[in-house]
Amino acid sequence: MNTAAASAIRSLGYLRLGVRDPVAWSAFASAVLGLQSAGPHRYRMDQCSWRLETAPASTDGVVAVGLEVAHEAALEAIGHRLSKAGVCVEGAARETLAERNVRGLLRCSDPSGTPLELFWGQRIEIVPFASPRGVRFVTGELGLGHVVLGVDRDRYRDTVGFYRDLLGFRVSDYFRMGDREAVFLHCNPRHHSLAIGEWPAAPGLIHFMLEVEDLDAVGFALDACYAKGVRVKRTLGRHSNDRMVSFYAETPSGFDVEYGWGGRLIDDATWTVSEVAHGTLWGHRPPARTYAEA
Ligand code: FE
């Protein structure tokens with residue numbers, strides 16, 4: 001695995017969401033996603049002290065996308081690079097660091113207004129992660145999964161440039177959706193930790209993805225959705241670019257979660273960027289259509 005051309009960003013480290021219904025989220029996170037509660041509104045999915053936060057808010061959306069860097073010097077370097085490029089970068093008070101369980105943190109926003117927290121030194125717990133549903137997640141150097149952001153067309157180029165040229169993300173591939181485009185970006189071997197699409201309306205978080213070690217865990221989560229009355233937005237399917245076998249469910253916030261297995265890894269030494277004609281190999285259909293066709 002070639003890691004010589006490492007991104008300044010090591011991984012998608014955490015996701016902080018503001019949610020209108022944290023109680024519904026608590027049930028959803030444990031009973032459907034299989035995450036372990038780690039204090040108020042926080043969830044573990046591995047040895048990290050937390051990876052998902054669903055704090056009470058008046059609107060549903062991203063409070064911060066947490067991007068992990070290797071160490072203090074890496075955070076300083078990236079802070080300088082952003083400042084030089086005219087990006088407003090804020091440091092964090094000691095209390096904020098303690099609250100996030102990280103040793104260093106810088107805040108900024110991407111050109112579409114998505115709030116970012118760049119951090120290093122995430123706290124690793126001694127007590128093993130214990131999923132209430134016995135799920136094991138694919139994390140480690142690959143991070144928590146991926147996020148897909150929908151952005152206004154007139155901010156798309158600048159937003160992609162920000163992640164690629166300033167944060168060091170590398171392009172995995174492109175989708176073309178009529179006259180719209182989406183780009184998939186990686187910062188470690190996971191095919192994409194971030195995707196950005198031109199969205200005609202309601203820009204923001206389209207979905208986030210969690211990957212599990214075992215295909216059966218995807219099936220069990222799908223069954224949990226049906227048992228709990230959670231709306232399945234896309235049936236089981238396999239993506240054409242990252243080869244993830246997954247389904248999409250509606251979170252209590254309205255945006256979706258993709259729950260998948262078998263994602264492809266990228267070796268930068270041999271990877272060639274392409275444009276993918278269609279997002280799915282099979283499946284990923286709206287359920288109503290599936291039933292109508294059956
Ligand atoms: Fe996805």
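What is the volume of the largest pocket? In this predicted model, the largest pocket has a volume of about 750 Å³, a pocket being an open set of points on a 1 Å grid over the protein atoms alone, with protein on both sides within 12 Å along at least five of seven lines. Grid points are joined across faces, edges and corners, and a volume is the space filled by probe spheres set on the points.

The model is predicted, and local features need pLDDT of at least 70, side-chain atom pairs count only at pLDDT 80 or more, while totals for chains, interfaces and linings use all residues. Residues are numbered from 1 along each chain as its sequence is written, and side-chain values use heavy atoms, with hydrogens and water left out.

**Pocket and iron site**

Of the 32 residues that line the largest pocket, F175, R234, H239, Y248 and G279 are the closest to its centre; a lining residue has an atom within 4 Å of a point. Strands that each supply at least two residues of this lining include β9, β13 and β16 (256-261), where strands are DSSP runs of E with at least two residues and helices are runs of H or I with at least four, numbered from the N terminus.

The iron ion is coordinated by H146 (NE2), H207 (NE2) and E258 (OE) at 2.0 to 2.2 Å, donors being N, O and S atoms within 2.8 Å of the metal (3.2 Å for Na, K and Ca); water is not among the atoms, so sites may look incomplete. H146 lies in strand β9 (residues 146-151) and H207 in strand β13 (residues 204-212), so the pair ties together parts that are 61 residues apart in sequence. H146 counts as buried at 1% relative accessibility, and H207 is buried with a relative accessible area of 8%; buried means under 20% relative accessible area, exposed over 50% and partly exposed in between, with a 1.4 Å probe and protein chains only.

**Cavity and linings compared**

The search of the whole structure finds two cavities of 30 Å³ or more, a cavity being a set of points where a 1.4 Å probe fits but cannot get out. The largest cavity holds about 50 Å³ of space, and its lining includes V65, L67, V147 and L149, with β5 and β9 each supplying at least two residues. In the table, Ala, Val, Leu, Ile, Met, Phe, Trp, Tyr, Cys and Pro count as nonpolar, Asp, Glu, Lys and Arg as charged, and the others, Gly among them, as polar.

| Space | Volume | Lining residues by class |
|---|---|---|
| Largest pocket | about 750 Å³ | 12 nonpolar, 11 polar, nine charged |
| Largest cavity | about 50 Å³ | nine nonpolar, one polar, no charged |

**Sheet and helix**

An open sheet of eight strands has the order β2-β3-β4-β1-β5-β8-β7-β6, with mixed pairing, two strands being paired if DSSP finds at least two bridges between them. At its edges stand β2 (36-37) and β6 (90-91), each with a single partner strand, so one side of each is left without a neighbour in the sheet. Strand β8 (residues 115-120) has five of its six residues buried; β8 runs parallel to β5 (residues 61-68), joined by four bridges, and pairs with β7 (residues 104-109) in the antiparallel sense over six bridges.

Helix α4 (residues 153-166) has 14 residues and reaches 20 Å from its first C-alpha to its last, close to the 20 Å expected at 1.5 Å a residue, the expected span being 1.5 Å times one less than the number of residues. Among the buried residues of α4 are Y156, V160 and Y163, and just after α4, G168 takes a positive phi of about 85°.
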